[in-house]
Amino acid sequence: MTKAFDEMTGGGSQEVRDSYRALGAWLEQAPPDLLRARSRQAELFFRRMGVTFAVHGDAESNERLIPFDVVPRIIDAAEWALLEKGLKQRVTALNAFLRDIYGPQECLRAGVVPTDLILTNPQYRPEIQGRRPPGDVWCHIAGIDLVRTGEDGFYVLEDNVRTPSGVSYMLENREMMMRLFPDLFAEYRVRPVDAYTDSLLRSLQASAPATAGADPTIVVLTPGPFNSAYYEHSFLADKLGVELIQGGDLFVNDDTVFMRTTEGPKRVDVIYRRIDDDFLDPLTFRPDSTVGVPGLMAAYHAGRVTLANAVGTGVADDKAVYTYMPEIIRFFTGEEALLKNVPTWRCREPEALKAVLGQLDQLVVKEVGGSGGYGMLVGPAATKSEIEDFRARLIADPDDFIAQPTLSLSTAPTLDGGGLAARHVDLRPFVLTSPAGTRVTPGGLTRVALKPGSLVVNSSQGGGTKDTWVLND
Amino acid sequence: MLSRTADNLYWAGRYMERADFLARILEAAIRLAALPARDEAAVTAWASAIASSGVKGAFDAAGRTPSETSVREFLAFGGDNPTSIKACITRARTNARSVRTALTVELWEAINGAWNGLNEIGEPSRRDDFVNFLDFVKSTALAVEGATSRTMLRNDAYWFLRLGMAIERADNTARLLDVKYHLLLPPGERIGGQLDYFQWETLLREVSALTAYRWVYRESVRPWLVADLLLLNRQMPRSLASCQGMIVSYLERLAADYGRRGPAQRLASARLARFNEARIEDIFQSGLHEYIQAFLNENNALGAAIHEQYLV
């Protein structure tokens, strides 16, 4: 693989990029012990606070810390301006797409996206067809994963429009950095991220159904303490100043949702749900769900409660649908996509499948419904037998897969044992949408692959995080 | 507040209190077993620790026999004991975690710190390490109590935490007294004899009340005065009367905040009224054991009323 673009030093040369100049100088004269001491301090603090996540199928160590790297990743004002515009455009298109899919389906009739890809998609919810959520907003909270391959080369890696997570780390990381490195903040004008929770609250309020009064009751719905993102759920409820509820706390009466309180039933208007569609209501979806609320969908259909994100948004973050995003953006906004897609082979197309099978050892192959870094093949890092396994799966079920070239993700200086080393990073900015408009919080969650050379940044696969600084002009 | 939140707070309060109580029981047992007496006195000390914790059924069912090792292990860490110290702290932490948003950072850190500490210390088998472990548990309870009282808003979250703590504390004090009355003295030992005296004294130590006793009564340790201190003395924070006073005041605060009284308030107030009239002579006359059993039953009924009224 060619040498990756480095966020600090650019392409290969040792010239530090403008935005990193002060940090570079600071790092150069900071004693290595200082960084390590700060890193330990951060870890102690995170452990004390219980800033943890649970790992799937890992009952032994039920709670883990996500490794936190103390060297920030910096994005200058001009770079961010482009990203922000592109993100707004993309999420606006995603919302229009969802509105259309569950409405007139013009984009299907116009052939922008193959009809079968949508209507037979496991994330497509026929129950929602013909219905509109309060305010006609579908994706209130989006997390768009971006990677960079060069000075001007940002790509969208995937769209997360179901229940994207990680925003608590974005906020906690910033708190931590301001505590550990106040000097650096004096030197840099870093755009604050802590308005996120405020924007989220206003977004959710603005999305309340017409039946809600002037002061709608908002709650965060979690599957419970054993969910991997439980810390984030409780963190958000806390910052929003709303109740963190589990399914059992709610009941539906007369198509209205109530929560059980010490003072009797209280009506709920907006649910920021962190439960997948499948588990929301055992009467409509999976009957074995114990984390949902029987009758919730009836209340939803009656327009008495807002679910954020809306039911059925999963169809838009499917990896096969992703490949059509440039066309989707063009169709709904009349503009060319400002943020590029990674070139992608759709294995459902025979030509593409043939091309993919011919170079499996050089590609990344992903399940269209997969997430969290599970069920994917990273060709260059895979063994022969892993590749052959995947070949068999691909041939058996080509519709289930897409393939992409192994991108040379940008690297950023990261503290590693002895000192600083270049490690691959990605970026997940968060985009909020309500009837009042679309907002992007400056920055997002930078994830970093801590193993030398590794391209996998998912926390469930041992990745870490860093603070992301967007600079003011 | 969500009923589930109130329920978790109430039980977090109960479990933390219980962990502290178990540490005290074990400390007392170590002390009693060290008394210069016949061999069976030591066994009796360990057996009484099991009985006063209210887990004799589970202990016997697990096929265990009382000895220093078995009792220490069972009460502190026992995997087959759902209310061991370890289980209590773990449950308190689980309760706290699921209502993280209802707690202050300081209180969460105190409870989470207790749980982290538990995992770091492990399960010491040496006696000195074990005693250090008990110290850790007690200081943890102090930290939790301090964080609660110094940082929590005086709202329903606070009242439910406190309510759980007070109900559990009343329960524990009652059990403690009952065990001394019933179990501790081996056959052949004289009531009022040296062993009897040491046992009453140890019981006072167990609840950090030996000095208090001296200040209040200015007498050597006598059973009916110890009982008076632990049952009726309103200055003694662990006495049944004190706990009952707390229970009533927390329930009244809830009633005031919510603008509604219910069966829990009525039950609690009625019992407090009876405490105000009670005299230790009458209690001894009609039987201390019977009195305590009746109290424990009422305490259960009160717990059920609170559950019914607020927690479901």
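Predicted model: local features only at pLDDT ≥ 70, side-chain atom pairs only at ≥ 80, totals over all residues.

Biologist: OK, chain A then. Which side chain does Arg73(A) meet in a salt bridge?

Modeller: That would be Glu7(A), at 3.3 Å from N to O. Arg73(A) sits in strand β3 (residues 68-75), while Glu7(A) is in the segment before α1 (21-29), 66 residues apart.

Biologist: Is Arg73(A) buried or exposed? And what about Glu7(A), buried or exposed?

Modeller: Arg73(A) has 2% relative accessibility, so it counts as buried. Glu7(A) is buried too, with a relative accessible area of 0%.

Biologist: What does Lys319(A) pair with?

Modeller: Lys319(A) forms a salt bridge with Glu158(A), 3.8 Å from N to O. Lys319(A) belongs to helix α11 (residues 319-322) and Glu158(A) to strand β5 (residues 153-160), so the bridge ties together parts 161 residues apart in sequence. Both residues, Lys319(A) and Glu158(A), are buried.

Biologist: Switching to chain B: where do Glu298(B) and Arg271(B) lie?

Modeller: Glu298(B) is in helix α15 (residues 288-311) and Arg271(B) in helix α13 (residues 263-277), so their pairing ties together parts 27 residues apart in sequence. Their salt bridge is 3.5 Å, N to O.

Biologist: And how accessible is Glu298(B)?

Modeller: Glu298(B) is partly exposed at 30% relative accessible area, whereas Arg271(B) is buried at 4%.

Biologist: Which residues do salt bridges with shared partners join into one network?

Modeller: In chain B, they are Glu17(B), Asp20(B), Arg24(B), Glu145(B), Arg162(B), Arg169(B) and Arg238(B).

How values were computed. Residues numbered from 1 in each chain as written. Chains lettered and ligands numbered in written order. Heavy atoms only, no water. Salt bridge = Lys/Arg side-chain N within 4 Å of Asp/Glu carboxyl O. Helix = DSSP H or I, 4+ residues; strand = E, 2+ residues; numbered from the N terminus. Buried < 20%, exposed > 50% of the residue type's maximum accessible area, 1.4 Å probe, protein only.
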